[in-house]
Amino acid sequence: MEPAVHTSGLRRTYTRRRRDTVVALDELTLTIAQNEIHGLLGPNGAGKTTLVKILSTVLLPSAGTARVLGHDVVTATKAVRSLVGLVLGGDRGLYDRLTARRNLLFWGALYRLDGRTARARADALLERVGLADRAGDPVEAFSRGMRQRLHLARGLLHEPRVLFLDEPTSGLDPVAAAAFRRLVLDLRAEGRTFLLATHDMDEAAALCDRVTLIDRGRMLLTGDPARAERFLGDRECVDFAHPDPALIGPLELLPGVTGVERGDGGTWRVHTADRDATRRVLGWLLDRDVLTARHGRPTLEEAYLRAVGDRGMRV
Amino acid sequence: MRPVLRIVRESLILGFAEMSAVYTWRTWTFGWLVRLLCQASFYALLGHYVGDDATMRYVLVGNIVVLACLEATIVVISLAGERRIGTLPLLAITPSGHLPVYLGRGLQWTVTGLTSSLVAWCVLPPLLGVPLPWPRAAYAAPVILLVLASSYGYGCALAGVALRARGVEWLVLNLAYGIVMTFGGVNVPVSVWPAPLRVAVNVLPVVHGLQAVRGILDGAPAGHVLRLLGAEALVGAGWYAVAALSMERLVSAGRRDGSLGHAG
């Protein structure tokens, strides 16, 4: 079966301030099977949105190829556009002065749906995303979660087979985010394929069949979330409390210790590369009368942040 | 044809919904429309002050007809709004393509432009004591419609430019209208300009349509008026072609350089 998405050596660069070239995607090769929910994980500036834009034909690649259900995104733009739906996150992309229903009818006209079909689909989708009761309200009065659901309804209006969701739950409260994820799972059951660009590790673990980790445009790993967790989580950690910071200097020098973080109230977290290093740290602490320590694994998010490096706000 | 008409219909609904954020029918009528009537009256009275009754009629007719252009070119602002609210990339990837929407996004201003111009045409001349040769003067109405159409094409073409250079929509709108108002034969006949400028203004909307209106009022031969109308239609068609090219280029350049999704 034709993959839903296949990219090969995909590269995208931007020219900033005339001479400065930024690589947003670097030789990205990725295959997403049909009916899969694929998570694209990475921090801000990793290249997630760039990939989504290329696949949805908003942006041209600088090099390499990208195909959606066998259609090239550069040479078969029309075919791709009829097959894909793009769902943006955030407040933008909707007409605030129109009602939810009118927004969908507007986009229905652009997707060349006849009046009856557009009205029927708009009503069905509003019902499905839980906005039927607010169908006649202007979007400007909607909460973030309601807007997000309307974004999804808009993306589904022409019944695309592949949906690209760019940070769809960004800014949603946990209840709204969970409802949104349930909706995505329901839609997958109908045979749709999803590419979910997110930096939310928990969301990826809860929703995705496979995930791809990217950083600075390069792929770090593709696999099921458990494999990603193993990739990131071969690392372990040891939590303990000790009032004397002088203890930490020698601890950092132990083989296999990848870092030590200071917590609140004299607590510390030691990151280790493997199980042997963890044993070494526990023994070392025991020798120094630290009798209470907890061994564990960092969350996927912590491990991810450590894997891609801590670069703060820089993108 | 039906899909395009549906897009036009939805665009009009959207346009009037957005307009309702700024105006109610009362504030539009007693605020905006009255302001336009005052503007036309001001120039007409100035014409009377510096000239005579003929000058006053010349200036009044020019300022009434140009109202259609003033409102039609506000499409520049409506289109710039698409970038601000982040719909540009979504519009660009719809199967209909961006062009029908882009060309339809300011249609509400053509409705208000036609209303303003026609109300002014009926109200101001008797109010200011400027006699028009009725019923012949009624033939000005379809000409104003043509001027409106060509001006809208002009606005769409410039909107394509305004959308590329972000944050310049008000500058473009004011320049676009200012150029027509100053050089388009509204207050001063085109014939007074130096020869190169006289040639250049032929590409502006309003110029030929306004001359046609003056010809109708003066009882000019039908052939002469029709030639002027043909010229106005040709100028309008040219601006629509520029608009289509300009918006096509906006999208193709945006897909190349990544500027399509940028906020304004």
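Visitor: Leaving aside its neighbours within four places in sequence, which residues is V130(B) in contact with?

Guide: V130(B) is in contact with M56(B), R57(B), L60(B) and P125(B), where contact is a matter of C-beta atoms, placed from the backbone, lying within 7 Å of each other. This is a predicted model, in which local features need pLDDT of at least 70 and side-chain atom pairs count only at pLDDT 80 or more, while totals for chains, interfaces and linings use all residues. Residues are numbered from 1 along each chain as its sequence is written, and chains are lettered from A and ligands numbered from 1 in the order in which they are written.

Visitor: Why is V130(B) called partly exposed?

Guide: A residue is buried if 20 or more other C-beta atoms lie within 10 Å of its own, exposed if 12 or fewer, and partly exposed in between. V130(B) has 19 such atoms around it and therefore falls in the middle class. Its place is in the loop between helix 7 (107-128) and helix 8 of chain B, helices being DSSP runs of H or I of at least four residues, and strands runs of E of at least two, numbered from the N terminus. A54(B) lies 76 residues from V130(B) in sequence, yet their C-alpha atoms are 8.9 Å apart in space.

Visitor: How do you know that S96(B) counts as partly exposed, and where is it found?

Guide: S96(B) has 16 C-beta neighbours inside 10 Å, so the intermediate class applies here too. S96(B) is found in the loop between helix 5 and helix 6 (99-104) of chain B, and beyond residues up to four places away in sequence it touches L110(A), R112(A), P3(B) and I7(B). From V66(B), 30 residues away along the chain, S96(B) is separated by 33 Å between C-alpha atoms.

Visitor: How many residues does the contact take from chain B and from chain A, and which helix of chain B gives the most to it?

Guide: The contact takes 26 residues from chain B and 25 residues from chain A. On the side of chain B, the elements giving two or more residues are helix 1 (2-19), helix 5 (88-92) and helix 12 (222-257), and helix 1 of chain B gives the most, with eight residues. That side has 14 nonpolar, seven polar and five charged residues, with Ala, Val, Leu, Ile, Met, Phe, Trp, Tyr, Cys and Pro taken as nonpolar, Asp, Glu, Lys and Arg as charged, and the others, Gly among them, as polar.

Visitor: Why are helix 4 of chain B and helix 9 of chain B described by their direction relative to each other as they are?

Guide: The axes of helix 4 (residues 75-84) and helix 9 (residues 169-183) of chain B come within 9 Å and cross at roughly 165°, the axes being lines fitted to C-alpha atoms over the stretch in contact and the angle running from 0 to 180 degrees between N-to-C directions. Angles under 35 degrees count as roughly parallel, over 145 as roughly antiparallel, 65 to 115 as roughly perpendicular and the rest as oblique. The two helices are therefore roughly antiparallel. V76(B), I77(B) and A80(B) of helix 4 meet E169(B), V172(B), L173(B) and A176(B) of helix 9, a contact of six nonpolar, no polar and one charged residues.

Visitor: At what angle do helix 3 of chain B and helix 7 of chain B pack?

Guide: Helix 3 (residues 53-72) and helix 7 of chain B pack at about 165°, with their axes 7 Å apart. That makes helix 3 of chain B roughly antiparallel to helix 7 of chain B. Their contact has 13 nonpolar, five polar and one charged residues.

Visitor: What makes helix 1 of chain A largely enclosed by the rest of the structure?

Guide: Eight of the eight residues of helix 1 (residues 48-55) of chain A are buried, which is why it is described in that way. Among them are K48(A), K53(A) and L55(A). Just after helix 1 of chain A, T57(A) takes a positive phi of about 70°.

Visitor: Which residues have the most contacts inside the largest nonpolar core?

Guide: They are L55(A), L195(A), V65(B) and V76(B), in a core of 145 residues, a core being a set of buried Ala, Val, Leu, Ile, Met, Phe, Trp, Tyr and Cys residues joined through C-beta atoms within 7 Å. Helix 8 (residues 140-164) of chain B gives the most to this core, with 14 residues. Apart from it lies another core, of eight residues, among them C237(A) and W268(A).

Technical notes
Contact = placed C-beta atoms within 7 Å.
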